[in-house]
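Work through the exercises below with the sequence and the coordinates at hand. Each task is followed by a solution in steps.

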Amino acid sequence: MTDISPIIDIRNVSKLFGSLRALNNVSLSIRPSEKVVIIGPSGSGKSTLLRTINQLEQVDQGTILVDGQEVTSPDTDINKVRMELGMVFQSFNLFPHKTVLENLTMAPIKLKNVPKLEAESRAMGLLKKVGIQEKAHVYPTMLSGGQQQRVAIARALAMQPKIMLFDEPTSALDPEMIGEVLDVMVKLAREGMTMVVVTHEMGFAREVADRVVFMDAGTIIEEGTPEHFFTAPRHDRAKLFLSQIL
Amino acid sequence: MSTTPLSLDVSDGAAIPRKKDRGLFSAWWLSFIGALAITAFLCITRPDPYLRILAFVPDGILVTFQVTTLSILLALVLGLITGLGRISRNRALNLIASTYVEVIRGIPLLVQLFYIYYALAAIPYVSKLPPLASAVIAMGFCYGAYMGEVFRAGIESIDKGQTEAARSLGFNRRQTMLLVILPQAWRTILPPVGNEFIALLKDSSLVSILAVADLLRRGREFAGETFFYFEAYTIVALVYLVITLVLSKGVSHMESRLNYYDRH
């Protein structure tokens, strides 16, 4: 497995928010098709780490390579790299002034010059995949949280990314809507998408993750397979966290 | 306990009626019907000066609208540039925009009008601008500064998540602003822009001192020739009132139509 070169390679990354060390010399590499779930208490830096991958957060030290391109370098066209990195946010962030369909077609049409009809038929396929094609022509505010998040996943997929980043995708949802979003993510994982997921959903981590990464105070404390991590964590911080959350 | 300080939002434009605000709504109708009724009453009971005045001022109404529309267009362009400058990371742009706003806000509009029309022409080799152009430039620059603040506030009112979502899809800064932020900010910006338009229309009466034949100027001319001061200025006031009331209604209507994607 080590002979496959990583699609995401985070090397010795540090990030400061004022005097707070949000990330402290973090390294992590992720292989193509791998599903990595990052967990940890709030304020541990897990979202910040995820957001450095597509440079929504810039790092103060260290380098990050995505598909061989150094995103931390100012010479890299970050907009190009971001087209390969789909991102799903906690608060969905759909464009409220566009219909569901337009949310999906806007980026492919404007950024990849996909003809409108082709973009629309692809978008309809994606909406079908996430189970809400009947809502294609409504505005996002008319959808439930779970529906909005599924649209947000479809919107990211419409750019045909190589990697999907999920930043606590179910944390803002009512409990009865979490399942429908996780189902879509499981389906995506089965199709072989490379996924990096920050979540508190331990059931999802167990079922889908190839690797669980536990962070605390800006560093990766422990990583391993879900079986190993959930049954026999080595570090006390991880044990404590698991006892609190499970 | 909430620590949000109490804020008062007072504008010099005509009040924009809100759909649910019954009090303001009926105040609007009272003013509007009242103004029309008084005008009709005056014209019927004393057609001699009043109908003549009413026939004399429409040319001025056109000029008032011309000055107002041209000024607001200039103000919108300057306002957009200024608003973007004020939120720009580029320090020089930011400083230029902020200084423009500070300077303009600190000088009365009447002084700015005099300055552009009379003072600039006193500089050797600078020819005097035509009155209409001076008026439009002075009012456009003055309101552009206010409009800049409206644009800035409108842009900043859009959730940061919108920018992040657009950028994460691969849109650059400019595309994000044009495709995602401004179309949404417009909804926040439009009511105050409408308000500024109405305020500008009223302030446009100042240009009558530059010999621009606007509504007030026409009233003055009529009064000057016939000595019907009371009658002429009464009609001028009523016409301004009716125009601003109709416009504020229009802005209110536009505002409610802009909420199309918020219906649940």
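Predicted model: local features only at pLDDT ≥ 70, side-chain atom pairs only at ≥ 80, totals over all residues.

Residues are numbered from 1 along each chain as its sequence is written, chains are lettered from A and ligands numbered from 1 in the order in which they are written, and side-chain values use heavy atoms, with hydrogens and water left out.

**Exercise 1. Describe the overall make-up of chain B.**

Step 1. Chain B has 10 helices and 0 strands; helices (H or I, at least four residues) and strands (E, at least two) are DSSP runs, numbered from the N terminus.

Step 2. Burial is assigned by relative accessible area: under 20% is buried, over 50% exposed, and in between partly exposed (1.4 Å probe, protein chains only). By this criterion 44% of the 264 residues of chain B are buried.

Step 3. A contact requires heavy atoms within 4.5 Å. Among the contacts in chain B with a separation of 6 or more, 76% are between residues 24 or more positions apart.

**Exercise 2. Compare the span of helix 8 of chain B with that of a straight helix, and locate the kink.**

Step 1. The expected span is 1.5 Å times one less than the number of residues.

Step 2. In helix 8 of chain B, a kink of about 45° is found at B:Ile181, shortly before the proline B:Pro183.

Step 3. At the start of helix 8 of chain B, a side-chain oxygen of B:Asn172 comes within 3.1 Å of the backbone nitrogen of B:Arg174. The criterion for a polar contact is a pair of N or O atoms within 3.5 Å; within protein, one must be able to donate a hydrogen and the other to accept it, and residues adjacent in sequence count only if both atoms are side-chain atoms.

**Exercise 3. Classify two of the aromatic pairs and place their members.**

Step 1. Rings of Phe, Tyr and Trp (its six-membered ring) pair if their centres lie within 6.5 Å; planes under 30 degrees apart count as stacked, over 60 as edge-to-face and the rest as tilted. Over all chains, the search finds 13 aromatic pairs.

Step 2. The ring centres of B:Phe56 and B:Phe222 are 5.5 Å apart with planes at 55°, so this pair is tilted. B:Phe56 belongs to helix 2 (residues 47-56) of chain B and B:Phe222 to helix 9 (residues 215-226) of chain B, so the pair ties together parts that are 166 residues apart in sequence. B:Phe56 is partly exposed at 21% relative accessible area, while B:Phe222 is buried at 5%.

Step 3. B:Tyr143 and B:Tyr146 also form a tilted pair, because their ring centres are 5.9 Å apart and their planes are at 50°. These two tyrosines are 3 residues apart in helix 6 (residues 131-156) of chain B, separated by about one helical turn. B:Tyr143 is buried at 4% relative accessibility; B:Tyr146, at 33%, is partly exposed.

**Exercise 4. Is A:Gln148 buried or exposed, and what does A:Gln148 touch?**

Step 1. A:Gln148 lies in helix 5 (residues 145-157) of chain A and is buried, with a relative accessible area of 16%.

Step 2. Its side chain reaches the backbone oxygen of A:Pro140 at 3.4 Å.

Step 3. Not counting residues up to four places away in sequence, A:Gln148 touches A:Phe92, A:Leu94, A:Pro140, A:Thr141 and A:Leu143.

Conventions:
Bend = angle between axes of the 7 residues up to and from the residue.
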